[in-house]
Amino acid sequence: QVQLVASGGGSVQAGGSLRLSCAASGYTSSSNCMGWFRQAPGTEREGVASIYTSGGSTYYAHSVKGRLTISQDNAKNTVYLQMTSLKPEDTATYYCAAARLPTNWCASIWPSRFGYWGQGTQVTVSS
């Protein structure tokens, strides 16, 4: 079992920045891929970024590439999502998740492939 705790959400104006954190505990060696997802009201959950924890390779959804950066601190078992140049359409509840996946599945950032989920953290971007 892997437990995930997400934090760092908040309210910012368009163009602002936030850094989300996802702290993992438990049997963390059972997963090798960490992802960030978001879900706005009335929409499906979508993957925005993932990282292959064993090699550090990162993957991004097209809509966020260049504005969001996923990183990890292995010593702290924590994955971060640095969010810059935020837009109102980035408003959503953000979730982190973990799974043991082959590289191409990690790169797909498909929610149904992730088995461990943290609670959400709300990000609100005002215009």
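This briefing covers the aromatic ring pairs, the charges over rings and the surroundings of one threonine. The model is a predicted one. The count of aromatic pairs comes to 3, and ring pairs link Phe37, Tyr95, Phe114 and Trp117 into a cluster.

**Aromatic pairs**

- Phe37 and Phe114 form an edge-to-face pair, because their planes stand at 75° to each other, with the ring centres 4.9 Å apart.
- Phe37 belongs to strand β4 (residues 33-39), whereas Phe114 lies in the loop between α1 (103-108) and β10 (116-117), so this pair ties together parts that are 77 residues apart in sequence.
- Both Phe37 and Phe114 are buried.
- Tyr95 and Trp117 also make an edge-to-face pair, at 6.4 Å from centre to centre and with 80° between the planes.
- Because Tyr95 is in strand β9 (residues 92-99) and Trp117 in strand β10, their pair ties together parts that are 22 residues apart in sequence.
- Tyr95 is buried, with a relative accessible area of 17%, whereas Trp117 is partly exposed at 29% relative accessibility.

**Charges over rings**

- The ring of Trp117 has the charged end of Arg45 sitting over it, 4.8 Å from the ring centre.
- Arg113 lies over the face of Trp105, at 4.3 Å from the centre of that ring.

**Surroundings of Thr78**

- Thr78 is part of strand β8 (residues 78-83) and, at 10% relative accessibility, counts as buried.
- The side chain of Thr78 reaches the backbone oxygen of Lys76 at 2.9 Å.
- Leaving aside residues up to four places away in sequence, Thr78 touches Ser21, Cys22 and Ala23, together with Ser71, Gln72 and Asp73.

Conventions: Residues numbered from 1 in each chain as written. Predicted model: local features only at pLDDT ≥ 70, side-chain atom pairs only at ≥ 80, totals over all residues. Heavy atoms only, no water. Helix = DSSP H or I, 4+ residues; strand = E, 2+ residues; numbered from the N terminus. Buried < 20%, exposed > 50% of the residue type's maximum accessible area, 1.4 Å probe, protein only. Polar contact = N/O pair within 3.5 Å; in protein donor to acceptor, adjacent residues only side chain to side chain. Contact = heavy atoms within 4.5 Å. Phe/Tyr/Trp six-rings, centres within 6.5 Å; stacked < 30°, edge-to-face > 60°. Lys NZ or Arg CZ within 6 Å of the ring centre and 35° of its normal.
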